[in-house]
Structure formats: structure tokens, C-alpha cells
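Dear colleague,

Please find below the structure that I am handing over to you.

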Amino acid sequence: MSPITNNTMRVKQMNLELVRQALKSMKQGTKSMVAQATGLSVATCGNMLNELLDTGELFELDLEESSGGRPAKLYQYNVNFSYIACMMIQAGVEAHSLTYRVANLAGETISEGSLEAAQMNAGVIEKEVDRLLSLYPQIRAVGIGVPGAVYEGVINLCDIPELVNVPLMDHLHEKHNIGVLIENDMNSTVYGFYRKQEYDEEKSVAVATFVEGSFPGAGIMVDGHIHRGNTRFAGEISFLPFGMSREEQLRQLHNRDTFPHLSAWAISSLIAVMNPETIALTGSLIQPPDVQMIRLECLKYIPEMHMPHLTLLEHPEEDYMYGLITMTLESLSYSLQLVEKRR
């Protein structure tokens with residue numbers, strides 16, 4: 001393919017995406033309204049709208065009323081044109097869980113459910129993906145959140161050992177020819193938490209979790225963007241130099257006398273490195289009084305003017321799933337992803 005042909009195709013894809021996003025945001029609109037929203041010419045928008053209409057991505061509604069002249073055609077985006085499926089994998093002390101949600105292109109829930117398994121391996125996840133695709137063949141992408149570090153689609157560190165070094169993303173993509181996103185659970189949670197705040201300007205925030213039976217972790221947003229790090233290891237706060245073995249760290253985290261001190265070390269490190277506006281604390285080891293105790297402990301190391309707002313995140317699963325759904329929907333947006341990467 002020649003560079004000119006390739007560039008022409010990319011421009012067309014970007015224009016299609018602009019029209020999609022414009023109609024999604026305005027619910028319904030005319031060709032002129034879409035042109036005004038996108039900055040594209042009326043003729044270009046007309047071509048894009050006809051193409052999306054032919055594939056079923058758009059509905060053509062009753063003609064818009066006009067005070068004079070020919071009435072304009074009215075279009076609406078078909079949010080049920082395709083679906084996504086998102087799965088939250090969570091580690092438990094006695095059993096692990098998988099919670100799924102099938103959503104349309106507006107993020108609206110079509111179906112949801114959960115299952116528990118003593119052994120949570122790739123086979124369990126693949127079987128559930130197979131089942132959902134058989135029920136909803138219009139699923140175009142699957143998002144999977146895992147309690148571990150993910151690099152190039154492969155989990156290399158996880159609270160569920162059976163998932164480590166399994167090429168799950170490539171396998172599912174090749175088997176079903178759909179988009180597959182595998183994301184760290186805390187990155188999904190902090191992204192969901194951040195998006196729900198509807199900040200007027202870009203902020204830096206973090207969510208830190210302390211869960212029974214597991215090592216702590218954190219999701220980090222810096223100036224409105226997820227910070228994953230060079231090898232997607234950012235946020236693995238259990239590897240901070242606490243001056244003790246990991247076994248001793250786990251023991252002290254589960255001891256009510258030592259928990260506030262040890263967790264404050266981790267939180268203080270986050271504050272010193274990223275200077276966030278807010279840190280949300282969550283996990284079964286966190287109790288409401290701990291928030292103030294951790295704050296006071298952090299003030300032994302951090303000047304008060306630099307202390308972020310510490311808050312308790314009581315229902316992290318909601319932010320986790322919201323973040324995962326949002327990320328998976330964004331993964332379908334080819335051209336807008338391209339624009340983001342160029343910033």
C-alpha cells in the first residue's frame with residue numbers, strides 16, 4: 001500500500017470517528033449540526049453519515065421540522081450497533097471471583113453476573129468469554145481487569161499465580177478476532193474514580209488498596225493520564241523498600257497495631273513522588289478511622305501544605321467496572337486514540 005493511500009485511509013477513519021463521537025454526544029443531529037460540531041465540511045459529513053447509515057451504525061429519524069425549504073434529515077447514533085464485555089478478576093482468600101458486564105456503546109448495561117472459582121486460570125476466563133460471545137455475537141471487544149502487573153498483554157505479576165505469563169490477550173484475539181484489553185485492576189479503578197469526579201481541569205490523583213490476603217497496590221493518574229511506567233510496573237507499592245521481607249510486610253499489614261504505620265509509609269511515598277490532589281483509600285483492611293490515623297502518620301514525613309485530600313472509597317468495584325468499561329469503549333476508538341498518542 002502506498003503512503004498516499006495509507007494516509008487517505010487514515011484520514012477517512014479519523015473523519016468517521018469524529019462523526020461518530022459528535023452524534024454520540026449530541027444524541028441526534030442533522031448533517032449541518034454534525035459539520036459544525038466536527039469542523040468538517042457539510043459534503044464530507046454527508047458522505048460519512050451515508051456510510052455509517054449503510055452499516056447500521058446510524059438511524060435515520062423523521063425529518064426535522066423546517067420553517068421553510070426542504071426539511072433536513074435527522075440522524076441518531078445506534079448505541080446497540082455493537083457491544084463490549086468487561087470482566088473484573090478479583091483475588092480472594094478462599095476463592096477468586098469473576099464479575100462481568102456486557103454493555104452497549106453508550107456504556108449502558110445489557111447483562112451482568114458473577115461466578116466464583118477456587119482456581120481462577122485462563123481456562124475459566126476463556127470459557128466465560130466463549131459463553132458471552134455465543135449469547136451476544138455483536139461483542140466487538142473484551143476488557144479484562146486483573147490484580148497484577150500487565151506488560152504487552154501478558155500478566156507478569158499477579159495475586160493469582162495461575163494467570164502469570166499466560167498469553168491470554170493474544171489467544172483470545174486470535175480465537176475470536178475481537179479487540180482484547182487486559183488492564184491492571186488499580187489502573188481501572190483510578191480511571192473510573194477520576195472520570196466520575198468530572199474535574200474542570202486535569203488533576204493528579206491516586207487510589208491505594210489494602211486487601212486481606214494480598215499485597216497493597218495503587219492506581220496513579222498524573223495530570224489526567226494514567227501513569228503506568230516503562231514496564232507497566234507503576235503503582236506496585238508493596239515493592240517499596242520497607243526494610244523487611246515481603247512475608248513480614250504482609251504480617252504487619254494484617255496486624256491492627258502496625259497497619260497504620262506501614263500503610264502511611266506507602267502513602268507518604270506516593271505523595272512525595274506524585275504530589276496528588278486526592279488519594280482514595282480502599283480495601284478490606286481499611287477501616288473508616290484508619291483514614292485520619294494514616295493522615296496523621298503521613299504528617300510526620302510530609303509538610304501539611306503538600307498533604308492531599310485523603311478519602312475512603314467504600315465501593316471500589318463500581319469505579320473498577322466503570323473504568324474498565326470506559327477504557328474498553330475507548331479502545332474501539334481508533335482515530336481518537338491516534339490523536340491522543342501524538343500529544
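Predicted model: local features only at pLDDT ≥ 70, side-chain atom pairs only at ≥ 80, totals over all residues.

The largest nonpolar core comprises 29 residues. Ile89, Val102, Ile125, Ile139, Ile144 and Ile182 have the most contacts inside it. At least two residues of this core come from each of β4 (83–90), β5 (96–104), α4 (122–135), β7 (139–146), β9 (154–158), α5 (168–176) and β10 (179–184). Helix α4 contributes the most, with 5 residues. Beyond its neighbours within four places in sequence, Ile125 is in contact with Met87, Ile89, Leu98, Met120, Ile144, Leu163 and Leu168. There is also a second, separate core of 26 residues, which includes Phe259, Ile267, Met307 and Leu310.

The second largest pocket has a volume of about 540 Å³. Its lining consists of 29 residues, and Pro147, Asp159, Asp185, Thr209 and Val211 lie nearest the centre of the pocket. By class, 12 of the lining residues are nonpolar, 12 are polar and 5 are charged.

Helix α3 runs over residues 42–55 and has 14 residues. From first C-alpha to last, α3 reaches 20 Å, close to the 20 Å expected at 1.5 Å a residue. Its buried residues are Cys45, Gly46, Met48, Leu49 and Leu52. Gly56 follows α3 and has a positive phi, near 90°.

With kind regards

How values were computed. Residues numbered from 1 in each chain as written. Heavy atoms only, no water. Core = buried A, V, L, I, M, F, W, Y, C linked by side-chain atoms within 4.5 Å. Buried < 20%, exposed > 50% of the residue type's maximum accessible area, 1.4 Å probe, protein only. Helix = DSSP H or I, 4+ residues; strand = E, 2+ residues; numbered from the N terminus. Contact = heavy atoms within 4.5 Å. 1 Å grid on protein atoms, 1.4 Å probe; cavity = no way out; pocket = protein on both sides within 12 Å on 5 of 7 lines; lining within 4 Å. Points joined across faces, edges and corners; volume = space filled by probe spheres on them. Nonpolar A, V, L, I, M, F, W, Y, C, P; charged D, E, K, R; others polar. Expected span 1.5 Å × (residues − 1).
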